[in-house]
Amino acid sequence: MKSTLLWFGRWLSSGFSGVMFYLFCLVVYLSIGFIFGVNFPSVIACPDTKSFCYQLRWNKSQVFIKSDYINKSRKTVNGIR
């Protein structure tokens with residue numbers, strides 16, 4: 001175990017591999033933080049149902065959609081534009 005830990009430490013501090021490991025961890029933690037940041041608030045406003053923020057929500061029933069988008073979609077469905 002000790003030799004494996006020392007090997008990993010040497011590999012991590014050996015330049016390019018360490019930078020790539022750091023960037024990989026950064027991307028993973030930023031992605032996890034973004035996903036939980038979008039889903040943690042109980043209510044969130046999204047511009048429309050095709051937006052990225054709406055697609056990432058786990059509970060889509062708690063998403064507010066702007067009223068002008070809802071009015072536009074109702075008019076389009078009824079044939080009035």
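Start by selecting Gly18, which sits in helix α2; helices here are DSSP runs of H or I with at least four residues, strands are E runs of at least two, and both are numbered from the N terminus. This is a predicted model, in which local features need pLDDT of at least 70 and side-chain atom pairs count only at pLDDT 80 or more, while totals for chains, interfaces and linings use all residues. Residues are numbered from 1 along each chain as its sequence is written, and side-chain values use heavy atoms, with hydrogens and water left out.

Is Gly18 buried or exposed? Gly18 is buried, because its relative accessible area is 12%, and buried means under 20%, exposed over 50% and partly exposed in between, with a 1.4 Å probe and protein chains only. Now show its surroundings: beyond the neighbours within four places in sequence, Gly18 is in contact with Trp11 and Leu12, contact being heavy atoms within 4.5 Å. Draw a distance to Phe8 as well, ten residues away along the chain, and the C-alpha atoms come out 9.9 Å apart.

Next, stay on helix α2 and pick Ile35. Ile35 is partly exposed, because its relative accessible area is 33%.

Now for the inside. Select Ile44, Cys46, Cys53, Tyr54 and Val63, the largest nonpolar core: a set of buried Ala, Val, Leu, Ile, Met, Phe, Trp, Tyr and Cys residues joined through side-chain atoms within 4.5 Å. Strand β1 (44-46) and helix α3 (52-56) are the elements that give two or more residues to the core.

From Ile44, jump to Gln62: 18 residues separate them in sequence, and 7.1 Å in space, C-alpha to C-alpha. Gln62 lies in the loop between α3 and β2 (63-65) and is partly exposed, at 35% relative accessible area.

Finally, zoom out and colour by pLDDT, the predictor's confidence in each residue from 0 to 100. The chain averages 75; confidence is highest in α2, at 85, and lowest in helix α4 (residues 67-77), at a mean of 56. From the N terminus, the elements run α-α-β-α-β-α, and 15% of the 81 residues count as buried.
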